[in-house]
Amino acid sequence: RRAVMWWGQILNLPAFQRLSVVYRNPSLVIPHFFVQDIRYISFDALKAAGVKAIVFDKDNTLTECYARDVFPLVSKAYQNCLDVFGKDKVCIFSNSAGSSDDRDYKHALQIENDLGVHVIRHSEKKPGGLKDVLKYLDCDVSDIVTIGDRFFTDVLFGNLHGMLTIYTKPLSNSDHSVVKWVARPLENFAVNH
């Protein structure tokens, strides 16, 4: 099953299809804020500014790649987010858990049990999938913040749809896939040039 999810990370057709859009408008992959990790986000300030919901990427934003537990370094910040927004307005939108690659949504169910928030079920990978996120959160897209460690998926998803976007550096180097060795360097090159 992990191999299917691994291939799903590589074959993200919606991200490839949006490359021409990014080429014409490179600012779509530039987040509104860059932070080391979610410890550097004031969830109270976001709430005070009118934000109503938070969409997290999971792998390397909240957990190590394919892990089920919140990374210890960010566990207090994650709990703070849940306290500020409530579990019903925080969700995980992952290109692995909850995707069509996640057979019977077993991984999504495990993550929901372990992290205590809903994992969006979706057939279209980021940067697609907006209707599935909005269906769960039931709020205006401009009231949502997307937080993640990938420019061409998390940041592009949020920016394409008018959300506030926050980029976090990857929590670990435990990902030994093509994402680490090919996709991430390409993303970093595109953002820095």
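Thr153 lies in helix α8, which spans residues 151-160; helices (H or I, at least four residues) and strands (E, at least two) are DSSP runs, numbered from the N terminus. Thr153 is buried, with a relative accessible area of 5%, where buried means under 20% relative accessible area, exposed over 50%, and partly exposed in between (1.4 Å probe, protein chains only). Pro127 belongs to the loop between β4 and α7 (130-137).

The model is predicted: local features require pLDDT of at least 70 and side-chain atom pairs count only at pLDDT 80 or more, whereas totals for chains, interfaces and linings use all residues. Residues are numbered from 1 along each chain as its sequence is written, and side-chain values use heavy atoms, with hydrogens and water left out. The protein chain averages a pLDDT of 87, and 79% of the residues score at least 70; pLDDT is the predictor's confidence in each residue, from 0 to 100. Over residues 1-10, pLDDT stays under 50, and the model has 23 contacts beyond four places in sequence for this segment, a contact being heavy atoms within 4.5 Å.

The protein chain contains nine helices and six strands. Of its 193 residues, 53% count as buried. Among contacts between residues at least 6 apart in sequence, 71% join residues at least 24 apart.

The six strands form an open sheet in the order β1-β6-β5-β2-β3-β4, with parallel pairing; two strands pair if DSSP finds at least two bridges between them. Strands β1 (33-35) and β4 (118-119) stand at the edges with a single partner strand each, so one side of each is left without a neighbour in the sheet. Strands β5 (residues 144-148) and β6 (residues 164-168) pair in the parallel sense over four bridges, and Ile147 stands opposite Ile166 in β6. Helix α5 packs on this sheet by touching β2 and β3, and its direction makes about 150° with that of β2. For such angles, axes are lines fitted to C-alpha atoms, for helices over the stretch in contact, and the values run from 0 to 180 degrees between N-to-C directions.

Strand β2 pairs with β5 in the parallel sense over four bridges, and Val55 stands opposite Thr146 in β5. The parallel pairing of β2 with β3 has three bridges, and the bridge partner of Phe56 in β3 is Ile92. Ala53 and Val55 point one way from β2, while Ile54 and Phe56 point the other way, and all are buried.

Which residues of helix α5 (residues 75-85) are buried? They are Ala77, Tyr78, Cys81, Leu82, Val84 and Phe85. Seen down the axis of α5, these residues fall within an arc of 165°, so they line one face of the helix; the arc is that of the directions from the helix axis to the C-beta atoms. An α-helix has 3.6 residues a turn, so residues three or four places apart point the same way. On the other side of α5, Lys76 and Asp83 are exposed. The buried residues of α5 pack against α4 (43-48), β2 (53-56), β3 (90-92) and α6. Just after α5, Gly86 takes a positive phi of about 85°.

Helix α6 (residues 106-115) has buried residues His107, Ala108, Ile111, Glu112 and Leu115. They cover an arc of only 135° around the axis, which puts them on the same side of α6.

Asp104 has a phi of about 60°; it is located in the loop between β3 and α6 and is exposed at 55% relative accessibility. Asp138 has a phi of about 50°, lies in the loop between α7 and β5, and is exposed with a relative accessible area of 65%.

The structure holds zero disulfides, a disulfide being a pair of cysteine sulfur atoms within 2.5 Å. The sulfur of Cys91 is 9.0 Å from the closest cysteine sulfur, in Cys139, which is too far for a bond. Cys91 is buried at 0% relative accessibility, and Cys139 is buried at 18%.
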